[in-house]
Amino acid sequence: MKINLYPFLKYMEGVSVLKLFFIVVIFPTGMVLITIATSQHRGTEYRVTHEVYFDIEIGGEPKGQIVIGLFGETVPDTVHNFYTLATTGVDGHTYTGTTFHRVIKKFMIQGGDVLNAGGMGRLSIFGETFPDENFDVKHATLGFVAMANSGPDSNGCQFYITTTSTPWLDGKHVVFGKVVEGQGNVHLIEHQPTDENNKPLKEVKIAKSGSRRVRKTYTISDDPYNLQDWLKTISIPLMISFSIIFVFNYFISQLDKGIETEEALALLKRKLVKGKGLDKQEEKAALARLLGEESGNEGLRKRNVREKVKDEDDKESLLTEEEELPDELDKKVNEYKKKKSKQGAEANDMIPEETLESICKSKTKSQ
């Protein structure tokens with residue numbers, strides 16, 4: 001079965017780049033945002049009071065940062081423990097130099113063993129372990145950070161970051177933060193090849209851990225379709241894309257105008273000097289003479305011709321004379337009016353363009 005694309009391609013010839021950008025990008029994005037804004041789901045917001053970062057290396061190669069926002073108002077003790085291990089440390093142990101020793105696709109990445117890097121170490125600012133603080137924060141979407149444990153009230157230094165929603169962990173693990181930057185690096189770790197014990201074949205190391213200053217606390221939502229987050233994410237790329245497309249469209253339109261003007265001038269020249277077989281210099285002189293641009297008293301005076309359209313049914317072009325024609329030309333025009341009046345036509349100042357052009361040509365020949 002053959003598909004005829006000619007009508008579509010013909011239509012696309014008249015579509016500007018700006019309109020195409022609106023159809024392909026702006027309109028679908030707007031529909032998605034409207035859907036999100038009118039959805040029934042309402043997420044819970046948590047206030048971020050601290051931020052810590054991890055510089056990630058995979059197989060000895062730097063891969064970027066993961067920045068985690070901590071919910072200091074919701075789970076202050078758990079945040080205090082994690083923040084200390086990420087900065088000053090406990091008994092000389094920090095997250096710097098530790099590894100992500102357990103990685104499971106479409107689930108989570110686990111790390112933070114500051115003692116032996118094998119997943120058996122336990123250490124906290126409260127002793128070897130400390131109790132579950134609360135389970136107020138749910139594993140609603142990807143990027144949440146929670147304490148790894150071996151049962152109730154067995155939190156230490158190990159943590160995990162979710163790569164998808166994990167509601168079956170609610171009520172079993174204390175969630176205390178969320179990735180605010182570098183979620184792509186989390187997924188990069190998630191997709192590393194692993195052995196039968198889910199340990200990455202290439203060492204995934206926290207080369208450096210530390211804190212970032214939070215000048216003003218802010219809130220983040222557990223709603224995966226949070227409208228504010230979507231707007232924040234797409235606003236800058238859309239603005240840059242729109243600016244580039246707008247500038248490009250402007251220059252294309254100016255180029256099209258220039259081409260149309262050149263074509264119109266060429267058409268006018270062919271119309272006025274048709275059949276004369278003149279060279280370029282003679283064409284210019286003839287065109288200037290016919291348009292009344294020749295200097296001196298012998299030249300025709302300039303005429304400003306304005307085209308009007310009466311209505312949609314008749315699209316006649318009306319020519320209006322705004323300056324007097326030379327005496328000889330006046331005589332020819334009057335003769336034309338008398339002739340038309342005898343034939344029953346209404347004598348008025350409206351003269352067809354073809355007749356006026358022939359009069360101009362005869363006047364030029366007489367000169």
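The legends below describe close-up views of aromatic rings in a predicted model. Residues are numbered from 1 along each chain as its sequence is written, and side-chain values use heavy atoms, without hydrogens or water. Local features need pLDDT of at least 70 and side-chain atom pairs count only at pLDDT 80 or more, while totals for chains, interfaces and linings use all residues.

**View 1. Phenylalanine 54 and tyrosine 95 form an edge-to-face pair.**
The structure holds 12 aromatic pairs; rings of Phe, Tyr and Trp (its six-membered ring) pair if their centres lie within 6.5 Å, and planes under 30 degrees apart count as stacked, over 60 as edge-to-face and the rest as tilted. Here the centres are 5.9 Å apart and the planes stand at 80°. Phenylalanine 54 lies in strand β2 (residues 50-58), and tyrosine 95, 41 residues apart from it, in the loop between α3 (76-86) and β4 (100-104). Helices (H or I, at least four residues) and strands (E, at least two) are DSSP runs, numbered from the N terminus. Both phenylalanine 54 and tyrosine 95 are buried (under 20% relative accessible area; exposed is over 50%, partly exposed in between; 1.4 Å probe, protein chains only).

**View 2. Phenylalanine 107 and tryptophan 168 form a tilted pair.**
Their ring centres are 5.9 Å apart, with the planes at 35°. Phenylalanine 107 is buried because its relative accessibility is 18%; tryptophan 168, at 49%, counts as partly exposed.

**View 3. Ring pairs join six residues into a cluster.**
The members are Phe54, Phe82, Tyr95, Phe100, Phe159 and Phe176.

**View 4. The charged end of lysine 178 sits over the ring of phenylalanine 144.**
This charged end is 5.7 Å from the ring centre; the term requires NZ of Lys or CZ of Arg within 6 Å of the ring centre and within 35 degrees of the ring normal.
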